[in-house]
Every structure is written in structure tokens, then in C-alpha cells.
2 protein chains.
Amino acid sequence: MQIKVIRKILEANDQVSDQLRDMFQEKKILVLNLMSSPGAGKTTLLESTLTDLKDEFNMAVIEGDLQTSNDAERVAATGAQAIQINTEGGCHLDGSMVLEAANQMDLNQVDILFVENVGNLVCPAEFSVGEDYKITILSVVEGDDKPEKYPLIFAESKVMLLNKVDLLPYVDFSLEKASNFARSLKNDIEIYPVSAKTREGMDSWYQWLRKEVKTKKSA
Amino acid sequence: MQIKVIRKILEANDQVSDQLRDMFQEKKILVLNLMSSPGAGKTTLLESTLTDLKDEFNMAVIEGDLQTSNDAERVAATGAQAIQINTEGGCHLDGSMVLEAANQMDLNQVDILFVENVGNLVCPAEFSVGEDYKITILSVVEGDDKPEKYPLIFAESKVMLLNKVDLLPYVDFSLEKASNFARSLKNDIEIYPVSAKTREGMDSWYQWLRKEVKTKKSA
């Protein structure tokens, strides 16, 4: 009974996300769904990316949180267009929420739309919001066992960003172990060790963004 | 429609958790529901607690994870009785899962039963598993804004453990800000800054456990 209800919810979500995908495709916007645990550094990663690439791309952000508009305010401070969704307790974004937000934005001329999901390694993995790719950010402080313990979200992701590498000297974390397990879940996952705070490794992430925007425009 | 379904699920859970609470009460077991983000250090905190207090208390653990029995193996290595629940994608434990696990354990003579929930700051807050208290562990690496952004789980908790304080010199985290916000959600929340790894501050947590076991036995 419960399974049937959940399936219906997922099917309804797929219809809305197909509609979103068509809209984004028509405008040739690269749409990335950013997912992670709470506190893995999604917003700091966005702040750095929006600041460093502001002269290259027109970027916009949809922020998802249970409550507060703190994150939208942080990213808007970089000059980017930003809108906040409050899920009021809901543990992930869905297509309808993103559609409502997108309809309030000016998406003409936007090259990249980042959707920052609710901090959660479980629920967001199942709900498409019309994105081209899901990106999972894992802070090295969380431990190298997380791809093994939360497999779906890594299996669904095109990129795994291993964030907070500036803290590697102080924690037990094997980049190799985390990377190998992520690749066993998705063999072509792209893996970038970064520190959004110190900017270490961020260039590889920016190169990936440049490549994908180019692909999107020429599609 | 969806809200109605969710209410029914919560009501059904409350019935099972009342049954669990009666069972635990009869045996005078202190039951603690441990919740946190992935990688905040729940299992390491348990390993330290089970090791340090093994001569004082008989302790047992129910572990919740999407997949793997890694955590149950880690805590069982301390000598404690441990059982693993795999939720197969489910983002929290519920009463029925804990009842099934509890029925497979020998809970006579147990003083403290720890239930380690799935790593998630959202969903576990709504589901009682018959516990006396919910305990939320926040790693200082996650940021001092988490009580504000995930209010329900902190409002529901009797204790907030601020873990990984050994990393405080390397991150921006205000103990005061996090504590003040947690207290604004629940004014009598007990707050202990700890490092489960270095054992810093763990004595205050152990003192709290001793006090609560005593209260339980004399009830």
C-alpha cells in the first residue's frame, strides 16, 4: 500500500521533471542538482564557483532548505540570481517546487542553473528536478565509507566532489577507498578532490563546468 | 491526500512505539535514539562509550543503515550485544523495525540500549522508536548554523553532543552560536562539546548517562 503511494508520487514527479527538462533544454541551460549531507559545503562551493566564474558565465541558483533563506542570501551576495525554496520539513526538493521557483526567475541568457538540494544523503537521490546531472559533495570529514553506506546517491551522480581536503591532515580518510567504492557504483563517475574554502583543486571542477556548458550550447 | 497517508503512518508508528516503551519500561532499560548527519561520528561515539563504560553498565546497540552491517560489526568488537537493521533505502528507523530487532536480542540485564538511527538530520526526528530520549550529534565541521536550518531534530532532542571538537582550530564554528540557537528551540537541552576520538569532554556525557540510568532504575 505504502509502496504504491510512493510509486505514484515518483511517477507524478517524473512528469513535472520532463516538463522542466524541456524548458531548460530549449534555453540551453546546464542544470546541476547538488546533493550532500548537511554541512558538507554545498553553499560554500557555490559561493566560490559563482565568484570565480562570474566573468565567464551567467549563473543562477535555486536553494532548497527546510527553513530560513540564509543560503539564498549568501549566494545572492556574489551577484548571482538566487531564489529560496523552503520545504517546511520536507527532506528533498521535487519537480513541482523547482518548477514554481523557475517560473519566478529570469532564465533567459542563463548558462548554468545550480539547484542546491536539502542536506540529505538519502531522499534527494530519488527525485529528478529536470537536471542534466546530479552532483554529490562528500566532505572528507564524513569518512571514506559513505559511498558504501549511501550507495544510491553516488550511483546516480555524474560527479563526486570530495570537499574540505584542507582538513585531510587531521582526519582518517582514504581518497582511494572512497573513489574506488564510488567507481564500483558508477564506473564513469568523475571525482574531484577540492577545498571550496582554500580553492585547492577547484580548477578541475571549473574545467568540467566549462566543458559541459560548451557541450550544452552546441547540442 | 499525501498528508493523510503520512498521518496514518505516524499514528501506526506511535502504537508500536508505545508497545516498545512498555517493554523497555518493564525491564528498566534506558533507551537512547542517536541521530545525526552522515559522518558526524555516531558510531565512533558509541565505540568510545561502550569501551569506557563496559565495567559499569550492560549496554546493547541496535544499528540502522541503508545497507551494510559495518557499524554493528564495529560496535560488537567492543564486546557489546549489537544487531543491524538495513532499511534498504529507507531514510530513518521506525518502531516496527526496532521491535523486530529487539525481539531478537536478550534485553534482560541490559542497562542502556542505544539505537543508532540512519544518518539524516530530517526524517528520523518524526518517528519514535520507544526511546526515553532523542540525542542529536552535530559535528563542529558541519557548521554552527545547523540547529537553525534543521530545527525539528534539535527541538526534539534532550541532549546535543557537539562532536569533533579536536577539529575546532581548523574550522569556523561558534559553540556559543550553535548552543544559543539550540536552546531557543528547546530551552532545557543539555549540550556537551566532545571529541569521541580524543575523549575530550566525554566525561560530562558519561556523567549524564550515569545519572539517567540511576533515575531509570529507581523509577
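Mentor: Between them, chain B and chain A bury about 2800 Å², where buried area is the accessible area (1.4 Å probe) that two parts lose on being put together, summed over both. Carbon and sulfur atoms carry 58% of that. On the chain B side, B:P38, B:K149 and B:Y170 lose the most area to chain A, together 22% of what that side buries.

Before going on, keep in mind that this is a predicted model: local features need pLDDT of at least 70, side-chain atom pairs count only at pLDDT 80 or more, and totals for chains, interfaces and linings use all residues. Residues are numbered from 1 along each chain as its sequence is written, chains are lettered from A and ligands numbered from 1 in the order in which they are written, and side-chain values use heavy atoms, with hydrogens and water left out.

Now, who touches whom? Counting contact as heavy atoms within 4.5 Å, 33 residues of chain B meet 33 residues of chain A. And 100% of the interface residues of chain B are also interface residues in chain A, so the copies meet through the same surface.

The overall arrangement goes with that picture. Turn chain B by 180°, with a shift of 0.0 Å along the axis, and it lands on chain A with an RMSD of 0.0 Å; the superposition is by least squares on the C-alpha atoms of residues with pLDDT of at least 70 in both. The two copies are thus related as by a two-fold rotation axis.

Let's zoom in on the charged groups. The rule finds 4 salt bridges across the interface of chain B and chain A, a salt bridge being a side-chain nitrogen of Lys or Arg within 4 Å of a carboxyl oxygen of Asp or Glu. Take A:K149, which forms a salt bridge with B:D71: their closest N and O atoms are 2.6 Å apart.

Then there are polar contacts (a pair of N or O atoms within 3.5 Å; within protein, one must be able to donate a hydrogen and the other to accept it, and residues adjacent in sequence count only if both atoms are side-chain atoms). Across this interface, 12 residue pairs make them, both residues at pLDDT 80 or more.

Finally, which elements of chain B supply the touching side? Those giving two or more residues to it are α1 (2-26), α3 (70-76) and α5 (146-149) of chain B; helices here are DSSP runs (H or I, at least four residues), numbered from the N terminus.
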